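Grab a pencil and work through these exercises with the model open beside you. Try each task yourself before you read its solution.

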Amino acid sequence: MTRRLLIVEDDPGLQSQMRWCFSEDLQVSVASDRDSALTCLRREEPQVVTLDLGLPPDPGGASEGFRLLEEIIQLAPMTKVIVVTGREEKENAVKAIGMGASDFYQKPLDADILSFVVNRAFRIAELEQENQVLSQQRNGTNIKGIVAASPQMLSICRTLEKVAPTDVTTLITGETGTGKELLARALHDLSHRASKPFAAINCAAIPENLLESELFGFEKGSFTGATQTKKGKIESANGGTLFLDEIGDMPMPLQAKLLRFLQERVIDRVGSVNPIPVDVRVVCATHRDVRNLITEGVFREDLYYRISEITLDVPSLRERDGDPLVIARSLLKSLGDQMDRPNLSFSEDAVNAISNYAWPGNVREMINKVKRATIMAEGKRVTAGDLELSCDTSGTPNQLNLRQVRENAEKQAIIQALQTCNYNMAQASRLLGVTRPTLYNLTDKYRIETSQTTSA
């Protein structure tokens with residue numbers, strides 16, 4: 001990256017000396033007061049700032065310097081600030097470090113030491129940037145099986161990572177095909193129970209008369225056909241995690257028995273009178289709105305509060321900004337490797353179709369379509385036709401024209417700055433980090449009103 005340094009110093013002689021301390025490959029900017037420093041910070045975005053605390057109008061004190069330090073940390077929290085103090089101002093250096101400065105340097109000026117301190121700050125900034133890039137390459141999450149880049153899904157993953165080490169009962173909601181079971185397994189894998197069993201049961205897939213014995217087990221002879229004692233899913237998950245999928249479809253009589261287990265942590269096998277203690281973490285999932293089920297009288301409210309100590313509401317694929325294409329490319333690579341068709345890629349019409357399709361079946365539907373396309377594609381390019389998707393983008397297309405995106409963002413920022421500063425052009429230009437003539441040119445370009453208007 002281009003190394004950019006901002007020197008904040010009110011003494012012109014020291015400004016010149018400090019400039020000559022650094023090599024020519026360093027892009028150096030200089031500011032002599034708080035306002036000009038903030039303008040340079042916004043305009044140049046330096047990775048490192050050297051800050052003399054004694055700035056006008058308080059050159060003999062440190063109040064203006066501390067105020068500027070606080071604003072730099074707020075505006076650019078990743079910027080490394082090196083505070084420059086006098087020999088007798090160690091307490092100011094300690095206070096600055098406590099406020100968020102990364103290092104300090106004491107006068108008088110020593111070119112070698114100052115250069116060393118500044119280069120060390122640049123190296124830290126570079127390492128942090130590299131770490132950020134690596135995190136983005138991992139799609140922002142270390143959860144097995146989850147590919148995500150959208151803020152909506154990354155927020156779910158961060159919450160999951162916080163919840164996993166605990167034993168709280170968790171409810172995962174979301175449409176069919178959004179990966180609820182993958183998240184349930186992640187809760188287990190990231191917990192202290194990872195070496196113990198993970199038992200899953202689909203409450204909607206088992207007939208009501210069999211679900212109780214599947215969950216709680218039964219004793220030999222407890223009913224016709226019970227020729228031997230059998231452990232249920234709850235008991236077999238002892239020490240580990242029990243995943244109850246589609247719990248919204250659980251019959252009301254079983255809901256009462258499950259509630260008792262959650263409260264007492266003991267189970268009664270069918271046909272037994274001896275309670276069996278079980279240590280298990282419970283994770284539930286459903287695609288249905290449980291609150292509506294409670295209103296309709298088909299789900300117990302007290303059970304709902306027991307199973308939803310933490311709730312993860314998984315967004316649908318169409319609500320995950322940018323994720324459809326990220327997931328599709330990941331699937332294409334993995335499926336291509338499995339089917340001995342490496343190096344496949346999507347054509348432009350396929351990219352548009354993936355980005356604009358609503359994906360009602362979510363990730364499960366995408367797996368189906370990408371797998372078909374991997375088989376049917378001719379050559380190395382997968383088309384929208386191979387995916388059986390229309391390449392018509394007459395709906396709401398993604399805005400991919402960089403010039404238009406930049407202009408829209410620029411216009412919105414100018415309007416917001418003017419409103420914030422009550423249409424004071426001088427204040428707005430400082431807030432935006434541009435000169436007043438530049439701001440007037442931009443307001444003319446985008447036809448933005450430069451005075452507040454009122455309507456009757």
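**Exercise 1.** How many bridges join strand S6 to S12, and do these strands run parallel or antiparallel?

*Solution.* Before we start: this is a predicted model, where local features need pLDDT of at least 70, side-chain atom pairs count only at pLDDT 80 or more, and totals for chains, interfaces and linings use all residues. Residues are numbered from 1 along each chain as its sequence is written, and side-chain values use heavy atoms, with hydrogens and water left out.

Step 1: find S6 at residues 170-173; four bridges join it to S12, and the two run parallel. Strands here are DSSP runs (E, at least two residues; helices are H or I, at least four), numbered from the N terminus. Two strands pair if DSSP finds at least two bridges between them.

Step 2: look at Thr170, which stands opposite Ile310 in S12.

**Exercise 2.** What is the strand order of the open sheet of five strands?

*Solution.* Step 1: read across it and you get S7-S8-S11-S6-S12, with parallel pairing. Step 2: check the edges, S7 (198-202) and S12 (310-313), each of which pairs on one side only.

Step 3: Axes are lines fitted to C-alpha atoms, for helices over the stretch in contact, and angles run from 0 to 180 degrees between N-to-C directions.

**Exercise 3.** At what angle do the axes of helices H17 and H18 cross?

*Solution.* Step 1: the axes of H17 (residues 425-432) and H18 (residues 436-445) cross at roughly 95 degrees and come within 9 Å. Step 2: the two helices are therefore roughly perpendicular to each other (that label covers 65 to 115 degrees).

Step 1: list who meets whom. From H17, Met425, Ala426, Ala428, Ser429 and Leu432 meet Arg436, Leu439, Tyr440 and Thr443 of H18; contact means heavy atoms within 4.5 Å.

**Exercise 4.** Is Ile267 buried or exposed?

*Solution.* Step 1: locate Ile267 in strand S9 (residues 266-267). Step 2: its relative accessibility is 1%, so Ile267 counts as buried (under 20% is buried, over 50% exposed, in between partly exposed, with a 1.4 Å probe and protein chains only).

Step 1: see what surrounds it. Leaving aside neighbours within four places in sequence, Ile267 has contacts including Phe216, Ile234, Phe261 and Pro275. Ile234 sits 33 residues away along the chain, with 8.2 Å between its C-alpha atom and that of Ile267.

Technical notes. Angles under 35 degrees count as roughly parallel, over 145 as roughly antiparallel, 65 to 115 as roughly perpendicular and the rest as oblique.
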